[in-house]
Amino acid sequence: MNQLLSLAIAAFYRVLEAVMVLCMVVMLVTVFGNVVLRLGFNTGIDLSDELPRFAFVWLTFLGAIVGLHRRAHLGVDLVVRALPLLGRKLCWGISQAIMLVCALYMLYGTWLQHDIIAGNSSPVAQISTLWVYGVSYITSTAIGLICLSNLIRLALGHVAEDELIDVNEEGMSEIHDIEHELADQTSRKGTAS
């Protein structure tokens with residue numbers, strides 16, 4: 001059962017990443033195509049104003065889900081690293097609870113605006129703006145579920161110590177690997193002597 005759930009979760013994130021790639025392709029093709037048409041043929045694509053904007057909204061919202069899953073959001077970990085294990089667990093639990101509340105507010109706010117969003121049409125494409133801003137339903141639900149599962153894992157004691165630092169600084173994983181390798185080499189030299 002756990003393996004099936006893990007496969008479903010992995011498939012969900014692969015779908016999100018595929019949609020994000022599709023959004024970037026739509027942005028690139030429409031903007032570049034419109035530039036070429038305007039400069040070379042003195043014409044343009046009417047949808048080139050709306051489609052990239054809509055794709056960027058989806059890219060941003062879906063990227064927030066993937067970023068939270070990968071623990072890739074920006075943050076400051078100076079104080080948290082200085083805390084003992086209990087303090088790190090407490091701070092991590094508080095941050096997960098705050099993100100859960102924010103996700104619930106986002107879901108509730110989208111629900112309150114649902115009729116207004118669904119009733120509006122985009123000026124050029126004439127599609128309901130729910131197709132654009134409805135992505136906040138997906139984002140708030142996914143982030144809420146991630147935070148809720150993290151809080152449950154924290155309460156059950158299934159959170160690893162390295163997860164308590166939510167910041168993955170660029171290049172730091174390589175530095176930590178090198179530090180561990182050097183420490184291993186030093187310990188092997190000490191035992192060989």
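Leaving aside neighbours within four places in sequence, which residues is Leu151 in contact with? The legend to Figure 1 gives the answer, for a predicted model in which local features need pLDDT of at least 70, side-chain atom pairs count only at pLDDT 80 or more, and totals for chains, interfaces and linings use all residues. Residues are numbered from 1 along each chain as its sequence is written, and side-chain values use heavy atoms, with hydrogens and water left out.

Figure 1. Beyond its neighbours within four places in sequence, Leu151 is in contact (heavy atoms within 4.5 Å) with Gly93, Gln96, Ala97 and Leu100. Leu151 and Ile94 are 57 residues apart in sequence, and their C-alpha atoms are 9.1 Å apart in space. Leu151 counts as partly exposed because its relative accessibility is 22%; buried means under 20% relative accessible area, exposed over 50%, and partly exposed in between, with a 1.4 Å probe and protein chains only.

**Figure 2. Packing of helix α1 (residues 2-41) with helix α2 (residues 50-70).** Helices are DSSP runs of H or I with at least four residues, numbered from the N terminus. The angle between α1 and α2 is about 150° and their axes are 9 Å apart; axes are lines fitted to C-alpha atoms, for helices over the stretch in contact, and angles run from 0 to 180 degrees between N-to-C directions. α1 and α2 are therefore roughly antiparallel, the term for angles over 145 degrees, while angles under 35 degrees count as roughly parallel. The crossing of α1 and α2 is left-handed, that is, the near helix is turned anticlockwise from the far one by less than a right angle. Residues making the contact include Phe12, Tyr13 and Leu16 of α1 and Leu59, Leu62 and Val66 of α2. The contact of α1 with α2 comprises 19 nonpolar, three polar and two charged residues. Here Ala, Val, Leu, Ile, Met, Phe, Trp, Tyr, Cys and Pro count as nonpolar, Asp, Glu, Lys and Arg as charged, and the others, Gly among them, as polar.

**Figure 3. Leu51 in helix α2.** Apart from neighbours within four places in sequence, Leu51 is in contact with Val26 and Thr30. Leu51 is partly exposed, with a relative accessible area of 31%. From C-alpha to C-alpha, Leu51 and Val132 are 9.7 Å apart in space, and they are 81 residues apart in sequence.

**Figure 4. Packing of α2 with helix α6 (residues 135-156).** The angle is about 5° and the axes are 9 Å apart, which makes α2 roughly parallel to α6. Among the residues that meet are Trp58, Phe61 and Ile65 in α2 and Ile138, Ala142 and Ile146 in α6. The contact of α2 with α6 divides into 13 nonpolar, three polar and no charged residues.

**Figure 5. The largest nonpolar core, with 20 residues.** Such a core is a set of buried Ala, Val, Leu, Ile, Met, Phe, Trp, Tyr and Cys residues joined through side-chain atoms within 4.5 Å. Tyr13, Leu16, Leu62, Ile65 and Ile143 have the most contacts inside this core. At least two of its residues come from each of α1, α2, α4 and α6, and the largest share, eight residues, comes from α2.

**Figure 6. Arg71, in the loop between α2 and α3 (78-82).** Arg71 is not a glycine, yet has a positive phi of about 55°. Arg71 counts as partly exposed, at 22% relative accessibility.

Definitions and conventions: Angles under 35 degrees count as roughly parallel, over 145 as roughly antiparallel, 65 to 115 as roughly perpendicular and the rest as oblique.
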